[in-house]
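Please walk through this model with the sequence and the coordinates side by side. The text moves from element to element.

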Amino acid sequence: MESIYVFAKWKVKEGQLETVLGLLPDVVKKSTEEEGNLFYKIHQSNSDPNTLVLFEGYKDEAALNEHRNSTHFQTLVVGQIVPLLEEREVTLTTYLPLDQQ
């Protein structure tokens, strides 16, 4: 079982940033309470405040799927946040321990 890391880049529609930022604390709280979650961190672009980058870690693919099927993900992220985004790009990754060779 390899850990899976998610980089999600969100471009929030003009005028919707405060609404999205208001929903994210609940998303973070509920996501980090999941058994398979390793971390859930949100970053904001220094050059464009409407661009958010989420960095998430899950113990394995099953944990990621559990997260994506959770009530809070479906309700808050898919149901409420995604409609407020201009763009959404999600990249799944596996860590390469090149610094440990």
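What follows covers a helix face, the salt bridges, the aromatic rings and a charged residue.

This is a predicted model, in which local features need pLDDT of at least 70 and side-chain atom pairs count only at pLDDT 80 or more, while totals for chains, interfaces and linings use all residues. Residues are numbered from 1 along each chain as its sequence is written, and side-chain values use heavy atoms, with hydrogens and water left out.

Start with helix α3, residues 71–81. Helices here are DSSP runs of H or I with at least four residues, strands are runs of E with at least two, and both are numbered from the N terminus. In α3, His72, Phe73, Leu76, Val77 and Ile81 are buried. Buried means under 20% relative accessible area, exposed means over 50%, and partly exposed lies in between (1.4 Å probe, protein chains only). Seen down the axis of α3, the buried residues fall within an arc of 100°, so they line one face of the helix. The arc is taken over the directions from the helix axis to the C-beta atoms. An α-helix has 3.6 residues a turn, so residues three or four places apart point the same way. The buried residues of α3 pack against β1, α1, α2 and β4 (85–93).

Next come the charges. The structure holds 4 salt bridges. A salt bridge needs a side-chain nitrogen of Lys or Arg within 4 Å of a carboxyl oxygen of Asp or Glu. One of them joins Lys30 and Asp26, with the closest N and O atoms 3.2 Å apart. Why do Lys30 and Asp26 sit about one helical turn apart? Because they are 4 residues apart in helix α1 (residues 17–32). Lys30 is partly exposed at 33% relative accessibility, and Asp26 is partly exposed at 30%.

Lys29 pairs with Glu33, and here the closest N and O atoms are 2.7 Å apart. Lys29 is partly exposed at 47%; Glu33 counts as exposed at 53%. Another salt bridge joins Lys59 and Glu35 at 3.9 Å, N to O. Lys59 lies in the loop between β3 and α2 (61–69), and Glu35 lies in the loop between α1 and β2 (37–44), so this pair ties together parts that are 24 residues apart in sequence. Lys59 is partly exposed at 37%, whereas Glu35 is exposed at 69%.

Now the rings. The whole structure contains 4 aromatic pairs. Rings of Phe, Tyr and Trp (its six-membered ring) pair if their centres lie within 6.5 Å; planes under 30 degrees apart count as stacked, over 60 as edge-to-face and the rest as tilted. Phe7 and Phe55 are stacked, at 4.6 Å centre to centre and 20° between the planes. Phe7, Phe55, Tyr5 and Phe39 form one aromatic cluster.

Finally, look at Glu56 in strand β3 (residues 51–58).

Notes:
Contact means heavy atoms within 4.5 Å.
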